[in-house]
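Student: I have a model open and would like to go through it piece by piece. Can we start with the chain folds and then move to the details?

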Amino acid sequence: MDLSPFDKDNSVSCRLASQVPDICKTEDCCLGIDEAGRGPVLGPMVYGICFCPVSKKEQLKNLKVADSKTLTEAERENLFQKLDEARNYVGWALQVLSPNTISTSMLQRTKYNLNALSHDTAIGLVQYALDCGVQLKEIYVDTVGPADKYEDKLSKLFPGISVTVRPKADSLFPIVSAASICAKVARDRVVKGWNFTEELGEVDPDYGSGYPNDPKTKAWLLKYLDPVFGYPQFVRFSWSTAQTLMDSKAVTVHWDDDEEDGEKAAQRQKNRSMLSYFNASAGGNNQNPTHQTHRFLTERRLKNLNTL
Amino acid sequence: MATKKKRAPNVQNDSWVVVAADSVIDTKSPDEDPAFVRLRNPSTDAASLYMLGSGDAQLYEVKAFDEDFHSWFVGQTVQRDGRLLFITPMDPLYLILPYLMKAGKEGKFQPVDQVVMDEEYPVCSRLLSCTRSSTSLHHIAEEKEVGSLRFHRYSEEKTMNWLKKKVERIVIALKKRNIYVGEGVKSTTYVRVKSESDCCEEDYLRYAHGLISEYISEDLSKALLKHLQLPELTSPKETEPPSKKRKLSDKPVEAGEDYTKFNSADFTRKPPKKMTAAQKSLAKVDKTGMRPMSSFFSPKAKAEKK
C-alpha cells in the first residue's frame, strides 16, 4: 500500500487504489464498504471498498478475513498482505479523509455532518469502481445511520445493483471484512507516520488510541494546545473533546455565524439588543444623536475615530 | 499607498494597521514626523482624530474601517483590533471654517491666528501652518491687507459658493467612480444589472451634499441645501401617528369579545408556563406609555361599537 500521495498533502481527502483485476471487468462482482477511524479525535477517517467476482466469494472466505476490530494490528497487516497476494481477483480502493477535511466540513457555514460525509464518500468509491469498469452486481455496507434509509438511498443511486445495508456487516460478509481491513491498515499506517506540517519540532508520538476517552490522547491534546491556533491539523477540531479544551484553555474567537444570543452577545457585538429599544433612555451612546453618518461611510463601514 | 505598522505607547493595543498616502511618511527631517492630533470635528462638534504631516504643512483625516469579527495577523503576532485605518488628505479649511464663522458674528476683520483658537483643542492653531490654509482662506472669508498684516472676515456668500464647487466636484468624482447614489439599493456590494442612467442629477447632488455634510455643521448643511436649490426632505419618522387611547364613557363596561369559550375546565387548569430567561428579562422592562402588540392588529373602529 503506497501512502505517499496522502503524505504529500495530508490536509485534504485522498484516494488510494489497487489495480483493478481484469477478471472484475468481465465477471459479476460483489463489493464491500467499511470505514475505519470514525470515532477518534485524532487522525483521518478512512473509507475502504473491496471487490471481487461473486464466484470467488468462497476463496475470499478461506483467507479468513474477519472484522478488523477483532484482530490485532499484526494480524491485520498479515491479512492485508494476503489480500495483496490475491490481487488477481481482489481489488480495493480507499478514500482517506484527512482530519482537516473532517473539521472544515463539519464546521463550515452550511454544516456538513459526519454521516453525510460518510455517505458521500462511500458513494464516491462505488462510483469509482463502476468508472473503472468493475461489473458490480452486489453491494454490502456496514450502516451509517438508519440502515433502511441508507439502503434506499444507495439503491436509487445505483439501479440494477442489489444493495444490502446491515449493522455489523463487517462480521457478516467477508467482502466487507476485507474492506474494513484495508481501511484500518491504511489508517494505522497514516496515524503512525503522521507528517506534521506545522513547525512543532519533535512531536511526542505517544498520543494513545486517538479516541476521546483515552487518557493519553487527552494529555496529548492538552500538551499541543496553542492558545491562538488551537491544534495541529492532525486533530479534528469539530470533535467536542477538542472544542471543550479550546473553549477553556485557548483564546476566545468569535465568528459572525456563532450561534449566540442574549444581552451579552449583543453588547459584545456592539449591536443593540431588542431590550434597549424598550428603555426610556435609549440612544445615549452617540455624542450627537441628531447627526446621522452619511450612507457613503456607513455602507463602507467607515467611522470617525476620536482616539487610537 | 503604503501599509505601515506603527507603535504607540500607552494604548492597550500597541499597533494598528494603516493605509496611508505616501506623502504622509514622506518627511525630510526627523522633527517633521507625522503626528496624530485630536481636533474639533465640524460636523459632530466632538473630538475626532486627524493627522498633521510634513511639518504641519498637510492635514489628513483618519477614518477606520470597522466591522465586527475581524482581527489581523501581523508578522508573528495576532492583533485583536481588526480595524483598517485610512489616512487621507483633507482640506484644512473645513476645520478652520467653524472658528471663522464664530468670529464672524462680531462682524470684524481679524487676524486668523487670533480666531483659530480653542481651549479644548489647542492644537488647532497648527492648522494655519498647512500650505492650503493661507492660500485658500479667501474662499470662505473676505480679506484685507494693512501693511504686512492680513485680516479676515467670514463671508457666508463666499463659503456657499466654495461649498457648491466642492459639491460639483464630488458629483464628478461619484460619476467617475460609478458610485450608486439612487435610493433603491442600500448595499455597495450588489452588482447592479440596471445601468446608472436612472440616477438623476438631483440624486447625485443630494448624495454629494450628504457627503460634504460630514465635514460641516448642521446649520451650514441646511443652508447649503437651500443654496443648491434642493428642497428639504421630511423624514418619515416625524409622521408617526399619535398613540390612541380608548375614550372614557358613562356607559356600562361590556366585554368586547366573548371570553366564555375559553372557560372550559382544561383551559383554566393549565399551570402557568415557566418563562425563559429572555422572557423574564423582557418582562422587567419599563412598558409605560406603550401599546400592547395586539393593539396593532385589531380593527380600528370596532372599539366604539354600540
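Student: Among contacts in chain B between residues at least 6 apart in sequence, what share joins residues at least 24 apart?

Tutor: That share is 55%, where contact means heavy atoms within 4.5 Å. Before going on: this is a predicted model, where local features need pLDDT of at least 70, side-chain atom pairs count only at pLDDT 80 or more, and totals for chains, interfaces and linings use all residues. Residues are numbered from 1 along each chain as its sequence is written, chains are lettered from A and ligands numbered from 1 in the order in which they are written, and side-chain values use heavy atoms, with hydrogens and water left out.

Student: And what is the figure for chain A, counting contacts with a separation of 6 or more?

Tutor: In chain A, 71% of those contacts are between residues 24 or more positions apart.

Student: Staying with chain A, which residues of helix α5 are buried?

Tutor: The helix runs over residues 99–107, and its buried residues are A:Pro99, A:Asn100, A:Thr101, A:Ile102, A:Ser103 and A:Ser105.

Student: What covers them?

Tutor: The cover includes strands β3 (45–53) and β4 (91–97) and helix α6 (114–131), which belong to chain A.

Student: Back to chain B. Which domains does it have?

Tutor: The assignment gives domain 1 (10–90 + 247–263), domain 2 (92–154) and domain 3 (156–232). Those bounds come from an automatic or database domain assignment. Where domain 1 of chain B meets domain 3 of chain B, the contact takes six residues from domain 1 and five residues from domain 3.

Student: How much area do domain 1 and domain 3 of chain B bury between them?

Tutor: About 390 Å², with 46% of it on carbon and sulfur atoms. Buried area is the accessible area (1.4 Å probe) that two parts lose on being put together, summed over both. On the side of domain 1 of chain B, B:Pro42, B:Ser43 and B:Glu61 lose the most area to domain 3, together 76% of what that side buries.

Student: New topic: where is B:Gln58, and what does B:Gln58 touch?

Tutor: B:Gln58 is in strand β5 (residues 58–65) of chain B and is partly exposed at 23% relative accessibility. Leaving aside neighbours within four places in sequence, B:Gln58 is in contact with B:Met51, B:Leu52, B:Gly53, B:Pro89, B:Met90 and B:Cys130.

Student: Last one. What is the phi of B:Asn178?

Tutor: Phi is positive, about 55°, although B:Asn178 is not a glycine. B:Asn178 is in the loop between α5 (156–176) and α6 (201–212) of chain B, and counts as exposed at 57% relative accessibility.

Note on methods:
Buried means under 20% relative accessible area, exposed over 50%, partly exposed in between (1.4 Å probe, protein chains only). Helices (H or I, at least four residues) and strands (E, at least two) are DSSP runs, numbered from the N terminus.
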